[in-house]
Amino acid sequence: MNLVPKQAENSLSLSTTKQVGNSLSLPEKFRQSAQELKQVRTLTGVAMLLAMSVVISFTASVRVTETIKIGLGYLITALLGMLYGPFTAALAAGAGDLIKYLLKPDGAYFFGFTLTAMLGGVVYGVFFYRERCTIPRAIASKATVSLLLNCLLNTVWVSWLYGMPFLGALGPRVIKNLMALPFEIVLLYIVLNGMNKVIQRAKLH
């Protein structure tokens, strides 16, 4: 499954200048990720992925209730984390959340949800920046985002924003995320490994 247009392969592949698989320390991942922002090709790649994120969020998501929807936007956040690291992915995910709200306001805006989106970028960047996408990493990263961020943290924001009891808002979110989690993990693994193949192919041409 290739989410990236062929003409954009070189722009994305140039961002991975170091060999995948050489693990970096957590501070080093953030440092190198921040340095990515100095590259014009990074800004180009981020802009392209954000545009894809907007399209996907409007065309490939299903609203379950007023406060719960299932979408594929997390794949773009994961790609941002893998390609550009936790720092850049966090900024891009936060910007993407604001752009999507401005283009299509969906209920009341609350900064907490933007913070959740940014933390998602951090999580995927920590797990996948300069790392191979293995099954354990796919499971751990998506479970962290789904259970800690989507379930717990977003339930706090929903509770504050709508005045809903925390436990009452938490139950439906836990059920939705647990049901979607296996599918999301498989799709995450396929897409990130597919992107790695695209990058390797681009480097050979």
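Mentor: A crossing counts as right-handed if the near helix is turned clockwise from the far one by less than a right angle, and as left-handed if anticlockwise. Keep in mind that this is a predicted model.

Start with H2 and H5. The crossing of these two helices is right-handed. H2 spans residues 26-36 and H5 spans residues 111-128. Their axes lie 10 Å apart, at an angle of about 110 degrees. Angles of 65 to 115 degrees count as roughly perpendicular, so H2 is roughly perpendicular to H5. H2 contributes Leu26, Lys29 and Phe30 to the contact. H5 answers with Val122, Gly125 and Val126. By class, four of the contact residues are nonpolar, one is polar and one is charged.

Now H3 and H4. H3 covers residues 40-59, and H4 covers residues 73-103. They pack at about 55 degrees, with axes 8 Å apart. That angle makes H3 oblique to H4. This crossing, too, is right-handed. On the H3 side, the contact runs through Arg41, Thr42, Gly45, Val46, Leu49, Leu50, Met52, Ser53, Val54, Ile56, Ser57 and Phe58. On the H4 side, the contact residues include Gly73, Ile76, Leu79, Leu80, Leu83 and Tyr84. Also among them are Thr88, Ala92, Gly96, Ile99, Lys100 and Leu103. The H3–H4 contact comprises 15 nonpolar, seven polar and two charged residues.

Technical notes:
Residues are numbered from 1 along each chain as its sequence is written. This is a predicted model: local features need pLDDT of at least 70, side-chain atom pairs count only at pLDDT 80 or more; totals for chains, interfaces and linings use all residues. Side-chain values use heavy atoms; hydrogens and water are left out. Axes are lines fitted to C-alpha atoms, for helices over the stretch in contact, and angles run from 0 to 180 degrees between N-to-C directions. Helices (H or I, at least four residues) and strands (E, at least two) are DSSP runs, numbered from the N terminus. Angles under 35 degrees count as roughly parallel, over 145 as roughly antiparallel, 65 to 115 as roughly perpendicular and the rest as oblique. Contact means heavy atoms within 4.5 Å. Ala, Val, Leu, Ile, Met, Phe, Trp, Tyr, Cys and Pro count as nonpolar, Asp, Glu, Lys and Arg as charged, and the others, Gly among them, as polar.
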